[in-house]
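Reader: I would like to learn how to read helix packing and a chain interface in a model. Please take them in turn.

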Amino acid sequence: MKILKFVYVLMPISIILSFMWAPSAEILGNTSRIIYFHVPLAWGGVLAFIVSGIFSILYLSDKDKKYSMLHEKSYNSAQIGMVFTILATISGSLWSKLSWGSYWNWDPRQTSISVLLLIYVAYFSLWSALGDNSRKGRIASAYLIFAMITVPFFVFIIPRMYPSLHPDPIINTEQKLRLDFEMRITLMVAIASFTLLYFYLLNLLNRITVIDYYARDKQDEK
Amino acid sequence: MIIMPGINKMKNRLKVSIFFLVTIAFLIIPIIKFSSTGLQHGQFLKNDGETHSSRYMLNAEEKPQGLKSLPSERESVKKAQDTGRDESSILLSVMAVVLAVWIGLAVFLIKINLKIVKLEKEINEL
Amino acid sequence: MVEEIVRNLKKDFRVEFRNRSALNLAVAFAGITTLAISLATGGVPFPANIQSVVLWIIMFFCAMNGLAHIFVREEEERTSLFLSLNSSHESIFLSKLIFNVIFFLVLQMIVCPLYIFFLQLQIKSPAVFILTILSGGICISAGTTILGAMVSKAGGRGSLFTIISFPVLLPVLWVAIATTTRSLEDEGYSNYGNIIFFLAFSGVIIAISFLLFRYVWVEE
Amino acid sequence: MEEKKYTIRIEAVSKRFNRQHLFRDISFTLGTGTSLSLTGPNGSGKSTLMQIIAGIQSPTRGTVAYSCNGSEIPKNEFFRHMGFISPVLNPYDELTGYENIIFSAGKKRSEEEINGLLEKFQLYEHRDKSLRFYSSGMKQRLKYILAVINDPPVLFFDEPGTNLDRSGKDILYSHIESIRPGKILFMATNEKEESSLCMEEYRIG
């Protein structure tokens, strides 16, 4: 887990790059610099969702209890993902106010991110409603998997329902990045550093969960 | 066992520190707003030179009155320009703020990491 | 297996019909919301898209009101243990699914005619309209069955069911509203792609909940 | 029909609720033909232990394994081999006694067998009455019928004699006595009479 410490170096680099090195965009001016925070945050939110889904699948298929506390780890991942997604939504809607004139206009990306938020909210409400039910882990994991299954349907529908205002440089049909060289490098560095940050936070939370579990266990032995 | 209360405190602190990230997002954007050369009215993001048509797309003619950027904002941009503040200096100060926020977060995380390492050792010894 | 499902279904229908309060509540809720919409607007017909939105919102909340009941009742009357001692989890899931589908189709039979009657709906392409209502109803009831089991294990709070169902049912509602609007507006609209979407969705949902149900129901 | 030998093996089972241990490290093995009564003061975890052995609750630690003629039965199929009486197990209130029995037995039992059992427990004239009009003693007798109707090889009785009058108890004990050989019988009880029906006694708490 040494590589996760790299976040302490990479994060300042990406901040400096995004303000000093990357040029400002043509029409948007300096507001375009939000991209180096907005895109990595959204990416982090999706990544956290995928990771907690994978943890849930592992938890349910893990009959011999090879891994410990996977449902708690999946919950931790979802917590971080929720924060990342909220931040992406806030930065995105501020940016949208600056460039399109309104905070919210049901753009496909805004729609999909709000669906992601809804799933997170539902998962957390289910988690807290289950209390110390002995099936907590299994029901919550089953719900997360169930919700993940519907996501491909959203990918299929949303672009048909709502026309997009998002600039194509990032997501387009040719799957290419239409950005200047400096911008592209900076964006890559920012995405890498936020990914590292996500894994670092997840690692910390998981270790705390494990310590908490053992401390309880030891206390009960007495 | 003495560990217990410490752990709960730490858990909460870590959660708080994650929310601390909010400050990054909140701080950058409004400040950038002042420094930006900004859009003119009716100028919108174009994609391959084509304007998107959608019921939400706001063209210069269609743009409703209520959605014009507030005059106070415009003035403040002007003010910022009038007082001679260089755009790059504003950019620098924004960057300084963001870096400061990050440093605060980093210090927080390092502290918590050290604590976790200590507790892990304690648990292994038991 | 089939015998067990039939046994379960018979039992469910008997229990529900002997104690009709829950059924009556769901039906009354469906009738009253439809009536309330009509009353509040004073009989002025809306544009087609608003009409389909309101129709599906009514149906969604009828589903939220009635569909968790079949599992919650087992927990409330503490009969779930007796149930799982006597039948396998697969047959429990399938029988509850069939019950929910039938129950929701009955609710739709009440809501839709009332809605058409009170709001003076002009349906330009009735075939698509009816197919959309039916297949959308199957999607909603199929999607909420396993969620009802989860809610019943979590203590059966009503609002929780709505919260956890909404993100799952959102694609169904979107497509259903869009298709219903087209069927109200366009004469001779005969695009059945969306109906296929519904069937695919409910197939996937039923398959995945069949796999996941044992984790929700069986104590290991 | 070939004689089936069932064994239940319980290894180092412990259960705790939140921070409190109910019991810990309980181990024993039981085979067909043996019976065991669990005794102990209220709150000592008799019912919980029984539910853990039956697979209704899961233990905090330890394993419960079931086997038939040496081959292991998966846990989710174990319900098919067992009869259970417990305050947490309730038949359907809306159904009549007869319908409940049919729901439990399916078509495996003939009409005569069901009626014979109903008559034996003096429920025959109440067979078409909805369960919400049953008295608690009648319900208890119906629960017993439901537990033994499928002739399961393993029986779990959690205080089978509650709410029963003298004559009801006598019928119950004589019936238990008659079916006991060839079964595994668990009984959680504090009554001397009931625990004397079992060959061994295990005290917890």
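Reader: At what angle do helix H3 (residues 48–66) and helix H6 (residues 89–119) of chain C pack?

Author: In this predicted model, the angle between H3(C) and H6(C) is about 145 degrees, and their axes lie 11 Å apart. The crossing of H3(C) over H6(C) is right-handed.

Reader: Which residues make that contact?

Author: H3(C) contributes Gln51(C), Val54(C), Leu55(C), Trp56(C), Ile58(C), Met59(C), Cys62(C), Ala63(C) and Gly66(C). From H6(C) come residues including Phe103(C), Phe104(C), Leu107(C) and Tyr115(C). By class, the residues of this contact are 14 nonpolar and three polar, with no charged ones.

Reader: Now the interface. How is the size of an interface often given?

Author: The usual figure is the accessible area lost when the parts come together. Here chain C and chain D bury about 2,400 Å² between them, and 59% of that is on carbon and sulfur atoms. The contact involves 26 residues of chain C and 29 residues of chain D.

Reader: Which three residues supply more of the area that chain C buries against chain D than any other three?

Author: They are Leu81(C), Phe82(C) and Leu85(C), with 28% of that area.

Reader: How many salt bridges and polar contacts cross the interface of chain C and chain D?

Author: There are two salt bridges and eight residue pairs in polar contact. A salt bridge joins the side chains of Arg14(C) and Glu99(D), at 3.3 Å from N to O.

Reader: Which elements give two or more residues to the side of chain C that touches chain D?

Author: Helix H1 (2–18), helix H4 (69–76) and helix H5 (80–86) of chain C do. H1(C) gives the largest share, eight residues. That side of chain C has five nonpolar, eight polar and 13 charged residues.

Definitions and conventions: Residues numbered from 1 in each chain as written. Chains lettered and ligands numbered in written order. Predicted model: local features only at pLDDT ≥ 70, side-chain atom pairs only at ≥ 80, totals over all residues. Heavy atoms only, no water. Axes fitted to C-alpha atoms, helices over the stretch in contact; angles between N-to-C directions. Helix = DSSP H or I, 4+ residues; strand = E, 2+ residues; numbered from the N terminus. Left-handed = near helix turned anticlockwise from the far one by under 90°. Contact = heavy atoms within 4.5 Å. Nonpolar A, V, L, I, M, F, W, Y, C, P; charged D, E, K, R; others polar. Buried area = accessible area lost by both parts, 1.4 Å probe. Salt bridge = Lys/Arg side-chain N within 4 Å of Asp/Glu carboxyl O. Polar contact = N/O pair within 3.5 Å; in protein donor to acceptor, adjacent residues only side chain to side chain.
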